[in-house]
Amino acid sequence: MAAPFPPPPSPRFVLRGTQSAVNTLHFCPAPGAAENPLLFSGSQNGLVHIWSLQTRRIVATLNGHGGQGVTWLKTLPQGQQLLSQGRDPRLCLWDLAEGRNTVMDSVQLDSVGFCKSSILVRGQLCWMLAVPGKGSDEVQILEMPSKTSVCTLKPEADAKPGMPMCLGLWQTNSSLRPLLLAGYEDGSVTLWDVSERKVCSQITCHEEPVMGLDFDSQKAKGVSGSAGKVLAVWSLDDQQSLQVKKTHELINPGIAEVTLRPDHRLFATAGWDHRIRVFHWRTIKPLAVLAFHSAPVHCVAFAADGLLAAGSKDQRISVWSLYPCP
């Protein structure tokens, strides 16, 4: 008789206390304690919570978005500054050094949609920022912290991709030219050359809006999920042309976010069907379906050590230890 499948794993622990749906998560190495990263969560009630994974408690609460949902969080490389995007609509730059929790600066956004911003670090003290633009189909590029406008990326008049839904700024190892991957409402993924303000390549890999994407610049390969059932894996050739390589159909529709682990061995998806799914990155083989949450999972994030966190509409954050980094 065939051996039964092992029971699905349980979370390593669960964080409670946001008192609102969890929209976004981000890990940051703790200063001087790499083995215990800090976890940042952004909630529907407009609050950002900073969690200690050692005590499993909230160590600080940031209130800068007037009760409007927080949709994106990112720490700058030195770890002492945090960017938070809310639907107020504002992007706040927080000073976290020496126990401070104050807004240093902010950028007023033109869009109240759900499109998350993206940054590309250009040096120790400056970075490039991509945000949804004033026009419904536009992406605005800013130099930070000066807030200088670099350009606005607007599709050709006959393209009509709809709103940008997710953004990813990056650059190749061989070139300093910034590039932007954008997933749109019509199910397409577009590669923009930011310096030239032009589309390099565009593919339609989904029938529904692209809800999340991530990109492995080392392998020139990316993955996207949508409001439909299909996960799409695509690659970028030397001519900067996007090509769909593989698709994987899920049982239930709706991927809120897709995230690669930092070592590029695995990726995880946040499902509207309350499930977290983990895949092998090279083969796209499904490895685990994690059924813990009682409502849609909105976000997934990996720590450098491989720890996986997922945030849900059920106001809980599950933390998992699966397939440890080698």
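Trainee: Let's start with rings. How many aromatic pairs does the count come to?
Mentor: The count comes to 5 aromatic pairs. Rings of Phe, Tyr and Trp (its six-membered ring) pair if their centres lie within 6.5 Å; planes under 30 degrees apart count as stacked, over 60 as edge-to-face and the rest as tilted.

Trainee: What about F267 and F279, how are their rings placed?
Mentor: That pair is stacked, because the ring centres of F267 and F279 are 4.9 Å apart and the planes sit at 10 degrees. F267 belongs to strand β23 (residues 266–271) and F279 to strand β24 (residues 275–280), so the pair ties together parts 12 residues apart in sequence. Strands here are DSSP runs (E, at least two residues), numbered from the N terminus.

Trainee: Before I go on, what kind of model is this?
Mentor: It's a predicted model, where local features need pLDDT of at least 70 and side-chain atom pairs count only at pLDDT 80 or more, while totals for chains, interfaces and linings use all residues. Residues are numbered from 1 along each chain as its sequence is written, and side-chain values use heavy atoms, with hydrogens and water left out.

Trainee: Okay, new topic. Which domains does the assignment give?
Mentor: Domain 1 (14–108) and domain 2 (111–249). The bounds come from an automatic or database domain assignment. The C-alpha centres of the two domains lie 24 Å apart. Domain 1 puts 17 residues into the contact and domain 2 puts in 19, with contact meaning heavy atoms within 4.5 Å.

Trainee: And how much do domain 1 and domain 2 bury between them?
Mentor: About 1400 Å², with 64% of it on carbon and sulfur atoms. Buried area is the accessible area (1.4 Å probe) that two parts lose on being put together, summed over both. On the domain 1 side, W72, R87 and V107 supply 33% of the area buried against domain 2, more than any other three residues.

Trainee: What's the salt bridge count between domain 1 and domain 2?
Mentor: There is 1 salt bridge between them, meaning a side-chain nitrogen of Lys or Arg within 4 Å of a carboxyl oxygen of Asp or Glu. K147 also forms a salt bridge with D105, where the closest N and O atoms are 2.9 Å apart.

Trainee: How many salt bridges does the count come to by this rule?
Mentor: The count comes to 14 salt bridges. One joins the side chains of E257 and K116, at 3.1 Å from N to O. That pair links distant parts of the chain, with E257 in strand β22 (residues 255–260) and K116 in the loop between β9 and β10 (118–121), 141 residues apart.

Trainee: Switching to the backbone, which peptide bonds are cis?
Mentor: The bond from D88 to P89 is cis, with omega near -5 degrees, and P89 lies in the loop between β7 and β8. The bond from M144 to P145 is cis too, with omega near 5 degrees. P145 is in the loop between β12 (139–144) and β13 (148–153).

Trainee: And what's phi like at Q19?
Mentor: Phi of Q19 is near 55 degrees, a positive value in a residue other than glycine. Q19 is in the loop between β1 (13–16) and β2. Most residues other than glycine have a negative phi, and most peptide bonds are trans.

Conventions:
Helix = DSSP H or I, 4+ residues; strand = E, 2+ residues; numbered from the N terminus.
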